Amino acid sequence: MLNKVSNTAMVSLAAILVRWCVSLHPYSGQGKPPMYGDYEAQRHWQEVTVNLPLAEWYANTTDNDLQYWGLDYPPLTAYHSYLCGVAARKLDPRFVALHESRGYESDAHKLFMRYTVLLADLLLFFPAAYCMMQVLGKWRAGRQEFVCLLLYPGLYLVDHGHFQYNAVSLGLFVLAVAALSSNRDCLGTVLFCLALNYKQMELYHALPFFFYLLGVCFRQGGILGFMWKLIKLGFCVVTTFTVVWLPFASDATVLAQAVHRLFPFERGLFEDKVASVWCSLSVVVKVKALVDNKNMALICLLSTVVCMLPSSLHLFARPTPRHFRYALLNASLVFFLLSYHVHEKTILLAAIPACMLVSEEPFMAAWFLTVSTVSLLPLMIKDGLTVPLLGLTVAFVALTHYYLLPGTQKVARKTSLWVWMRRTYFLSLAGLMLLGGAAVLVPPPPKLPDLFPVLLAIYCCGHFIFFCLYFHYCQFTIKYNSASSNNTHTANASNNKQQRKVKSN
Amino acid sequence: MENSAAGSDCPSRMFVRRLIGNAAKSTKKSASGSDHPSRMFGLAVIGMSCLKLLLLPAYRSTDFEVHRNWLAVTHSLPVDRWYVDQTSPWTLDYPPLFAWFEFLLAKSFHTTTQHHTHTSTTTLHPSTSTTPPHSITQPLHHHTTTTLLHNHHHHHTTHKHTSSHPHTTTTIPQHHITTLHIVSSSGGSFLRCCNAGHQQPQLCLAHDGVVPEAVRNCYRPCLRLRMQSVSVGRSGGQGGGQVKGSGGHSIRVSGGQRVRGSGSHSVRGSGGQGGGQVKGLLCLLRKGEAQAFLFLSIVGHFSLFPLLFTPQETPIKVVTALMLHTLFTVQVLRAQWGQPLLHAVENLYLLGLVPLFLLLELGPGRLGLGEGLPFLPLMLVSVYCALGVTYSWGRYPPMFCLHRKRSSLTLDVKLDILKREEQGDGTSTISRNLGLAQPTVWTVLNCEAIKKAEENVMDLQSRALSTHSAEDE
C-alpha cells in the first residue's frame with residue numbers, strides 16, 4: 001500500500017525521533033564529579049585535541065593528564081574530536097577551555113554534544129543502513145535489515161543515551177560489509193580500515209574480513225589473478241593506514257605511545273559485570289585471583305583463537321556474502337565471550353551483524369537482539385536510562401512480533417524441537433523481565449550488592465553461548481553452491497574454467 | 001533464488017512457519033498478517049506508549065512541581081481545605097473528580113515509597129533522586145496523571161516563570177468533556193499549555209462553602225477573562241460546537257473553549273486538533289473531507305510549535321509533528337483517494353510555513369530584521385495559522401450542504417458498479433474512480449433489488465440478441 005520511498009523515509013524519521021527522545025535523558029556520569037563518565041571523556045578529548053599540538057594528544061604531559069580520560073582510541077576518533085572541538089569553541093569557548101572546562105556541564109553543552117552524535121549518525125549510519133538495504137535487495141531481503149539496523153535499541157541507547165560515537169565505526173563497518181557483498185572489494189577494504197582506525201574494537205571483525213578476502217583471492221583463478229588481487233587489497237590497507245597515521249609518523253616515540261594507549265593490558269580481565277564467560281566463571285572460580293594479568297591475556301587469546309578457527313576456516317573455504325555475515329556474527333560473539341577486557345557495550349559488535357541477518361533468521365536474530373538489549377541494563381541503570389531501555393525493549397519485542405516475524409510468509413510445520421524452542425523463547429523473555437525487574441525494583445541483600453546484575457550477566461551469557469553455537473551450526477549448514485550468483489567471484493573467474501550453470505535469483 | 005532454495009535447511013524458518021501458522025489459524029485470516037487491523041492497532045498502542053515513556057524527561061522540567069503540590073495537598077489536607085489552601089501558587093483548579101484522582105495517586109505513591117527516605121509527599125523533591133525505583137515511580141505517577149485523564153492528549157497547565165513569551169491558555173473545559181474526546185494519533189500528544197496565573201483570593205472558610213469555592217476556583221479565571229478582549233482573527237479558532245458528520249450522526253467536539261489571557265495559539269491549535277480529531281473519523285468517507293483534514297492537521301500542528309519552544313524540543317517538533325504526520329497522512333490518504341490531495345494554493349500556503357518556522361526558531365534578530373519586535377514571530381504564526389484554520393472550517397458547510405442533497409444513482413451507474421466489481425475492482429477503487437462514497441458503492445453491490453434489476457436487464461438484452469439473431473437468420 002505505501003510505496004518504498006515513503007516507507008524508508010518514515011522508518012528513518014521514526015529512528016531519528018527515538019534517538020532524539022533518548023537523548024533527552026541523562027548521559028553517563030551526569031552530575032557525578034570527580035570523574036563523571038563517557039560524556040566527559042568525549043568533551044575532554046575535544047578540549048585536548050583543540051588546544052594541544054598533535055604530538056601531545058596521546059602523551060602524558062603537564063597539560064594532558066592521561067589518568068583523567070586519556071585518549072585511547074585510534075587517530076580517526078582524535079580527528080573527529082578535533083572537528084567537534086573546533087565547532088564547540090566557535091559556539092562557546094568555555095566548552096573546551098584548557099583545564100577550566102573539566103567537568104563543564106550545561107544544558108547548552110548537552111544540546112551541542114547530542115547534536116554532534118545525531119549528525120554523525122545521520123551522516124554515516126543511516127546511509128550505511130540504506131546501502132545495506134540496496135545491496136541485499138538483490139536477494140529479496142534488505143527491508144527488514146534496514147528496519148533492524150535503524151531501530152535496534154542497544155545502539156542508540158549507548159550512543160544517544162550513555163553517550164558514545166559507536167555509530168561512526170559501526171556505520172563504516174556496515175558500509176564495508178555492503179561493499180564486499182556487492183563485489184567491491186577494494187572499497188570494502190578501505191572502509192573497514194577506516195572503521196578499524198576509528199575504534200580498535202573493530203578488530204573483533206578483522207578475522208572474518210581477512211579470511212573472506214583471502215578466500216576471494218584464492219578464487220581468482222591462476223596465480224597471477226591471486227597475486228594481483230592480493231596486491232590491490234594490500235595496497236588499499238597500507239594506503240589507508242598511512243593516510244590516517246601520517247601526522248603521527250613524524251616521531252617514533254609519538255607513534256609508539258599512541259599504539260601503547262590503544263592496547264592497555266593493565267585494565268584487567270573484565271570491567272563491571274559483563275556477560276562474558278570469564279565474568280560468569282569468576283562467580284564460581286576466582287579467575288582474577290588465580291591467574292595474573294599477563295597469563296590471563298594469553299589464555300584469553302588462545303581460547304579465542306581456537307574458537308574462532310572453525311568459523312573462519314569455513315569462511316575461507318566458502319567466501320560468499322552470506323557466509324561472511326554469519327562469520328562476522330560468530331566471530332564477534334566468540335570474541336565477546338572469551339576475549340580479554342570485554343565491556344558490556346561490546347555486545348553491539350555482535351548485534352549489528354545479527355541485524356544484517358534478520359531476514360535469514362528472523363526469530364533467532366530477533367531473540368538475540370532482545371537479549372543483547374536487556375544485557376545493557378546494569379549500565380543503563382547507572383546512567384539513569386532504565387525507563388528508556390525498558391520501554392524500547394518492549395517496543396522492539398512488539399516490532400519483532402508484528403513486523404519481523406509475519407514478514408516471512410511460510411507455512412508452518414510441526415516439529416517437537418520447535419515447539420520446545422517456542423516455549424523456551426517465552427520462558428526466556430519471562431526470565432529477562434523477572435531479572436530486569438528485580439535489578440531495578442528489588443533492593444539487593446546487603447552482603448551481595450551486585451546480586452541482580454551478576455545474575456543477569458550469567459543469564460545473558462548462557463543465552464549468548466547458545467546463540468553462538470546455533471549460528472555456527474547455521475553457518476556450517478548453509479547450502480553452498482559454488483556456481484550460485486550469490487558467489488559472484490567464481491562467476492567472474494571464468495577464464496581457465498569450464499562453463500558453469502549460473503543459477504538466477 | 002538462494003534464499004528460498006536454502007530455506008529448507010534453515011531450522012528457524014520452520015519454526016517461523018509454525019508461529020505464523022498458529023497466528024493464521026487463530027485469526028482465521030490468510031498470511032497477510034501484517035495488514036490485520038488489530039495488529040496495526042496493537043503495534044500503534046505499544047509504539048506510542050513507548051514513545052511517551054521516552055518523553056518523560058520533557059515533562060519533568062515544568063509540570064512536576066504543579067502536580068507534586070496537588071498530590072501533597074490532597075494527601076495531607078482534609079477535603080474541605082483542598083480548594084482553599086494557598087501554601088503554593090499552584091492552587092487546585094480542576095473539578096473534584098480530578099482532585100479525588102490526585103488523592104488516589106498520592107495514596108499509591110505514598111505506599112510505594114514507604115521504604116525510601118521520603119515519607120511524606122509534602123517533602124518530595126522533584127529531582128536528584130538517585131535510587132532507581134524512586135526515579136521510575138515518580139515520573140510514572142506523574143505520567144499516569146496525564147495519560148489517564150486526557151486519553152493520550154497531554155494537555156497540561158503549568159506556570160512558566162522564566163518564559164518570556166506570555167503563553168497563556170487553558171484547557172479547563174476539556175476536562176469536563178472526558179469520554180467524548182476522540183482518541184487521535186495526531187501530534188497533539190506533545191502539547192503543553194501554559195497557564196497565566198492562579199492568583200485568586202479565596203474568601204470562603206465555612207465547610208459548606210467548599211462547593212462554591214471549588215466551582216469558583218475552577219471558573220473564576222474564565223469568568224474574569226471573558227471580559228478581556230479577544231483580538232480579531234483569533235476568534236476564528238474558537239473551535240467546538242457541533243459538527244454534523246455525514247449520515248446524520250453528530251459529535252460534540254468541545255463544549256465551548258474559553259480563552260485565558262492574551263495568547264490563543266493552543267486554542268486555535270486545540271480547535272484545530274479538536275476539529276482534526278473529528279475529521280479524522282470522517283476523512284475516509286469523502287475526498288473533500290480528506291483534503292480538509294490533511295490541510296487542517298498540518299496547519300494545526302504547526303500552530304502548536306510556539307508552545308514547544310525549548311531548544312531540546314526542536315528536532316522532536318520538526319520530525320514528528322510535521323514530517324512524520326504529514327508523510328503518513330499523505331500516504332494513507334493518497335492510497336485511499338489518489339492524487340492530488342491539495343490544491344496548488346493550499347500547497348503554496350503550506351510551503352509558506354517553512355520560512356515562518358525559520359523565523360520562529362531563529363528569531364527576527366538573527367535574520368536581520370531588528371531586535372525591536374520580539375513578538376513578531378508569534379504574531380505572524382498566529383495570524384497565518386488563523387487564516388489556514390478559518391479557511392479549513394469554511395470548507396465544511398458547503399460539503400455538508402451538498403451532502404444533504406440525496407442524489408439517486410441511475411441504473412446505468414449501478415450496473416457500471418456491478419460490472420467493475422466483477423472485473424475485480426475493490427470498493428475503494430470503484431468509489432475513487434466514480435467519485436462516489438464507499439458506503440454507496442457497498443450498498444449497491446449488496447442490494448437485492450439492484451441484482452434483480454440487473455438480471456432483468458440481462459434477460460432483456462439476451463432476448464433482444466436472440467431476436468436479432470433470429471431476424472438475421
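Here is a short tour of this predicted model, one selection at a time. As a whole, the model scores ipTM 0.75 and pTM 0.72.

Stop 1: Start by selecting A:Phe173 and A:Phe464, the residues with the most contacts inside the largest nonpolar core, which has 173 residues. Next, pick helix 4 of chain A, residues 107–136: the largest share of this core, 14 residues, comes from there.

**Stop 2: around A:Phe464.** Which residues is A:Phe464 in contact with, leaving aside its neighbours within four places in sequence? Select A:Leu333, A:Phe336, A:Leu337, A:Ile347 and A:Phe368, which are among them.

**Stop 3: a separate core.** Now hop over to B:Leu294, B:Ile298, B:Phe305 and B:Leu356. They are among the 22 residues of another core, which lies apart from the largest one.

**Stop 4: the domains of chain B.** Give each of these a colour: domain 1 (43–109), domain 2 (287–396) and domain 3 (411–466). The C-alpha centres of domain 1 and domain 3 of chain B lie 58 Å apart.

**Stop 5: confidence in chain B.** Colour chain B by pLDDT: its mean is 58, and 46% of its residues reach 70 or more. Where is confidence highest, and where is it lowest? Helix 15 of chain B (residues 411–423) is highest at 84, while strand 2 of chain B (residues 193–194) is lowest, at a mean of 26.

Finish with residues 220–282 of chain B, where pLDDT stays under 50, though the model has 134 contacts beyond four places in sequence for this stretch.

Notes. Residues numbered from 1 in each chain as written. Chains lettered and ligands numbered in written order. Predicted model: local features only at pLDDT ≥ 70, side-chain atom pairs only at ≥ 80, totals over all residues. Heavy atoms only, no water. Core = buried A, V, L, I, M, F, W, Y, C linked by side-chain atoms within 4.5 Å. Buried < 20%, exposed > 50% of the residue type's maximum accessible area, 1.4 Å probe, protein only. Helix = DSSP H or I, 4+ residues; strand = E, 2+ residues; numbered from the N terminus. Contact = heavy atoms within 4.5 Å. Domains from an automatic or database assignment. pLDDT = per-residue confidence, 0-100.
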